[in-house]
Amino acid sequence: MTDDLKHLYETTYAAVVRFLYRKVWDPDRAEDLAQEVFVRAMKHNPDKPRAWVFAVAANLARDEARAAVRRKRHLTLLKSDPTPLTSPQRSAEDLVEHNEKLERMREALHALTPRDQEVLLLWDAGLSYPEIAEQTGLAVGAVGTTLARARRRLVDAFDRQEAERHAAHS
Amino acid sequence: MPLIDKKLRDMRHIPEEELHAYLDQALSRSQCVEIESHLASCPPCRQARDSIAALRDRTTALLATLAPPRPIKPAYADLRAQATARILKKRRIVRAVGWAASISLALGLGWIANSWIGAGPPPATAVAPLPTAPVAMPESSPASPVEVLDRESQTRVASEPRPIPAPTREPEPRTPDASLAPVTDRFQSVAAGIPTEPLRVEIIPVQQLAGDLPTAGLWRSVSWDGAQAESNAWIPRVEGLPVVTVQVQGDQQGSGKPLTVVAQRLSSGQMIQTVEGPIAKVSDLLSHQSGPTVTASVEMNDNSGTRQDDRMLAIYGSVPIDSLTAFLLRVR
C-alpha cells in the first residue's frame with residue numbers, strides 16, 4: 001500500500017496540482033493543498049488511493065471556495081484573478097495576449113455547470129469513466145454524455161468570447 | 001425477423017456520447033469492435049467521429065492553457081514524516097482526552113457517592129485518591145520527538161526508567177538549543193558520561209513476535225552479529241536490556257538501509273521494540289501500532305562521508321510514554 005501511494009504520488013502529484021489550480025486559481029495555494037491531500041492519504045491509507053486523492057482534492061477546493069465567499073462578505077473587493085503566468089521568453093505584448101486568453105478560457109470554464117466542470121476536470125486529470133462516476137455520483141454510462149456536453153459547451157463558450165473580442169477590436 | 005433487426009441496428013448511427021467514450025477508450029473490447037465495424041460501413045458516423053476527435057483535442061488544448069507553472073514536488077519522505085507526526089499527535093490527544101474523561105467520571109462518581117452518603121466526607125476527600133500524574137500528562141508528554149531530549153535531565157537519563165510515570169514532576173526550564181537539535185551522532189550527545197554495559201543477548205524464536213509486525217514486506221530474523229554486519233554495525237537498542245529478537249526488513253545487499261526492529265524485555269516481563277530505518281518504512285510500521293510511541297530523527301554519516309538524514313528511530317511498547325522517553329535516551 002505504501003509503495004502504491006508512493007507511486008501514485010510520483011505519477012499524479014502534478015495532475016492534482018493542476019486540478020486544484022483550476023479551482024483555486026493560485027499556483028502556490030494549489031501546491032499547498034496538493035501536499036495536504038497526499039499527507040492525508042498517507043495518514044488514512046485509502047483502499048482506492050487515486051480516486052480518494054481527487055475526491056479529497058475536490059473537497060479541499062470546495063472548502064477553499066466557501067472560505068473565499070466568507071471573506072468576500074467582509075471585504076468589499078478582492079478580485080480573484082488567476083495569477084498571471086509570466087515567462088522571461090515572452091515579449092510584453094505576447095504576455096498580455098496570453099493572459100487575456102487565460103482569462104477568456106477561465107470564463108469559458110466557469111460558463112459550464114458545476115457538474116460538467118467537475119467531470120471535464122477529472123477526465124483531464126486522468127481519471128477513468130468508472131472513477132469519475134464514483135466521485136460524482138453519476139452512472140458510468142452518463143459520464144460519456146456529460147463529457148460530450150461539457151466539451152461542446154467549453155469550446156462554444158470560448159469561441160463566443162473570441163468572436164466578441166474580435167468584434168470589439170474591429 | 002432477426003435479419004430485419006440486424007439491418008435496423010446497422011443503420012442506426014452511433015450516438016455522440018458513445019463516440020466520446022470510444023475515443024476516450026472507455027468501452028469494452030467487444031463494444032469497440034462493434035463500433036469499428038459500423039464505422040467501416042457508415043460515412044456519416046466516420047465524419048461524426050472525426051469531428052468529435054477534433055473537439056476532444058481542442059478541449060484538451062484549451063484546458064492545457066489553464067495549467068500552473070510546473071510544480072516542485074516535495075520529497076515523498078517529507079510528506080510521510082508529516083503524516084506520521086499527525087498520527088502520533090492524534091494518539092497523544094486521544095490519550096489526554098481519555099484521562100480527562102476518566103477523571104471527570106471519577107469526580108462524578110465521587111459527587112454521587114457524596115450525595116448518597118449525605119453527611120459523608122467533603123468532596124475533596126472523595127477526589128483525593130485519584131491519580132494526579134495523568135492530569136499533567138499532556139504537558140509532560142513530548143510535543144515532538146526532539147523535545148523529548150531537553151525535558152529530561154541527564155540525571156534522569158542515568159537512572160532506571162520506571163514503568164509508571166512519577167506522580168508529580170516539576171517542569172524543568174527548557175534549553176532552546178538542545179530542543180531544536182536533532183538526535184545526532186547516534187545519541188552521543190545524551191550518552192555522555194553513561195557507562196556502557198555489556199550486551200546481553202537472549203535468542204528466542206522470531207515467531208513469538210511475528211504478530212506485532214505488519215505483514216507487508218519480508219521480515220527476517222537474524223543473529224545479533226549478522227544484523228550488525230548488515231546495517232553498518234549499528235543496530236540501535238536500549239542499553240542494559242536483554243535483546244529477545246532482532247528482525248530486519250529489506251536491503252539485504254548493498255544499499256545499507258535496512259529497517260531493523262530490536263525487541264527487548266523489561267524486568268517486568270513487558271516488551272519494547274526499538275525501530276530504526278528509512279522514515280517511510282518506520283512510519284508505515286508505526287501506523288500499524290496502537291500503543292505509546294516515541295520517535296527521534298537520526299542523522300549519521302555513511303561510509304562515503306555523505307550525511308544521511310532520511311532515517312528515523314522509534315520505540316514503542318505497552319509501557320507509559322514517560323518510560324519510553326527515558327528508554328529513548330538510553331538507545332545505543
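## Strands of chain B

In this predicted model, 6 bridges join β2(B) to strand β3 (residues 259-265) of chain B, and the two run antiparallel. Strands count as paired if DSSP finds at least two bridges between them; helices (H or I, at least four residues) and strands (E, at least two) are themselves DSSP runs, numbered from the N terminus. One of the bridges links V243(B) to its partner in β3(B), Q264(B). Strand β1 (residues 219-221) of chain B also pairs with β2(B), in the antiparallel sense and over 3 bridges; here S221(B) has Q247(B) as its bridge partner in β2(B).

How many of the 7 residues of β2(B) are buried? The count is 6 for this strand (residues 243-249), so β2(B) is largely enclosed by the rest of the structure. Buried means that 20 or more other C-beta atoms lie within 10 Å of the residue's own, exposed means 12 or fewer, and partly exposed lies in between, with C-beta atoms placed from the backbone.

## Conventions and confidence

Residues are numbered from 1 along each chain as its sequence is written, while chains are lettered from A and ligands numbered from 1 in the order in which they are written. Because the model is predicted, local features need pLDDT of at least 70 and side-chain atom pairs count only at pLDDT 80 or more, whereas totals for chains, interfaces and linings use all residues.

The model scores ipTM 0.81 and pTM 0.50. Chain B averages a pLDDT (the predictor's confidence in each residue, from 0 to 100) of 67, with 55% of the residues at 70 or above. Please take care with residues 122-211 of chain B, where pLDDT stays under 50. Where pLDDT is low, the predicted coordinates should not be read in detail.

## Helices and a loop

Chain B has 14 helices and 6 strands, and 27% of its 332 residues count as buried. Helix α14 (residues 321-328) of chain B is mostly covered, with 8 of its 8 residues buried; among them are I321(B), L324(B) and F327(B). By contrast, L27(B), in the loop between α2 and α3 (29-40) of chain B, is partly exposed, with 17 other C-beta atoms within 10 Å. Beyond four places in sequence, L27(B) is in contact (C-beta atoms, placed from the backbone, within 7 Å) with A21(B), Y22(B) and C32(B).

Over in chain A, helix α6 (residues 129-136) has Y129(A), E131(A) and I132(A) buried. Seen down the axis of α6(A), the buried residues fall within an arc of 160°, so they line one face of the helix; the arc is that of the directions from the helix axis to the C-beta atoms. Just after α6(A), G137(A) takes a positive phi of about 85°.

## Nonpolar cores

A nonpolar core is a set of buried Ala, Val, Leu, Ile, Met, Phe, Trp, Tyr and Cys residues joined through C-beta atoms within 7 Å. The largest has 47 residues, and those with the most contacts inside it include V16(A), L20(A) and L33(A). Helix α1 (residues 2-24) of chain A supplies the largest share of this core, 9 residues. Another core, of 34 residues, lies apart from it and includes V246(B), L259(B), V261(B) and A263(B).

## Where the chains meet

In the model, 32 residues of chain B are in contact with 37 residues of chain A. The elements giving two or more residues to the chain B side are α2 (16-23), α4 (43-65), α5 (76-117) and α13 (279-286) of chain B, and α4(B) gives the most, with 8 residues.

How values were computed: Contact = placed C-beta atoms within 7 Å.
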